[in-house]
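Here is a short report on one protein chain. It moves from a local detail to the overall fold.

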Amino acid sequence: MDCTARAIEALPSLNLNNMLPNYFVQTEFNDSENERKIVKKLLLSSYIIKVLSLTFLFLLFKSSWFLIGFVLTYSIGIAFRQSVLQRIARFEYFYVNGHLKISNVTNFDKVSLLADINVSDIINFDKTSTKNCAEEIVAATDSETYCKITYKDGEKTKNLLFLPSKYLLSLIKYKWKNENDLS
């Protein structure tokens, strides 16, 4: 018997669960063209409004009423800058011991957990090209296709749209198939 035949016979006895990682992290940066345009417009508006507020500061010598204009325009400029810092900078996908945790991180590094999914609660995997924000948890940047996971969250059924790497998706599907194997 040659080496190839012996290797093929040994395949069913291999336990791949011992070879799979218990921890995997993927970061999806929110750097789409649309997002860059929005951030650029907000920053430009912020700078223009702050410069406008300086003109009110120079006019303050003529009348004290210009102080109100300075405070208002400068506050609006700061608000635009804050809105840039609170935008989502990246999505983080954590796979930890059979759990998929999806978080979004703002430019302030504020982390919000979007979903914590046990792999055994997954009902279905699908690919989709549309996103309906009212019905789905969207943890992805603009893309032509998304990976859609339907899962149980208590009594509710939810959908998650995200952009996992092929490795992460294969890891989740392998674990899901093993937990749902009826044999």
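## Surface and fold

Lysine 177 sits in helix H4. The model is predicted. Lysine 177 has a relative accessible area of 54%. The cut-off for exposed is over 50%, so lysine 177 counts as exposed.

Lysine 177 also belongs to a positive surface patch, together with Lys127, Lys166 and Lys173. Helix H4 spans residues 166–179 and gives the patch its largest share, three residues.

Leucine 72 lies in another part of the chain: helix H3, residues 66–85. Leucine 72 is exposed, because its relative accessible area is 52% and the cut-off is over 50%. Serine 53 is 19 residues away from leucine 72 along the chain, and their C-alpha atoms are 8.0 Å apart.

| Residue | Relative accessible area |
|---|---|
| Lysine 177 | 54% |
| Leucine 72 | 52% |

Now the whole protein. How many helices and strands does the protein have? The count is four helices and eight strands. Their order along the sequence is α-β-α-α-β-β-β-β-β-β-β-α.

The protein has 183 residues, and 31% of them are buried. The exposed surface comes to about 12100 Å². Carbon and sulfur atoms supply 58% of that area. Take the contacts between residues at least 6 apart in sequence: 52% of these join residues at least 24 apart.

Conventions:
Residues numbered from 1 in each chain as written. Predicted model: local features only at pLDDT ≥ 70, side-chain atom pairs only at ≥ 80, totals over all residues. Heavy atoms only, no water. Helix = DSSP H or I, 4+ residues; strand = E, 2+ residues; numbered from the N terminus. Buried < 20%, exposed > 50% of the residue type's maximum accessible area, 1.4 Å probe, protein only. Contact = heavy atoms within 4.5 Å. Areas by Shrake-Rupley, 256 points an atom, 1.4 Å probe, with all protein chains shown as cover. Patch = residues over 30% accessible without salt bridge, like charges linked within 9 Å, V, L, I, M, F, W, Y side chains within 5 Å. Salt bridge = Lys/Arg side-chain N within 4 Å of Asp/Glu carboxyl O. Lys, Arg positive; Asp, Glu negative; His and termini not counted. Charge placed at Lys NZ, Arg CZ, Asp CG, Glu CD.
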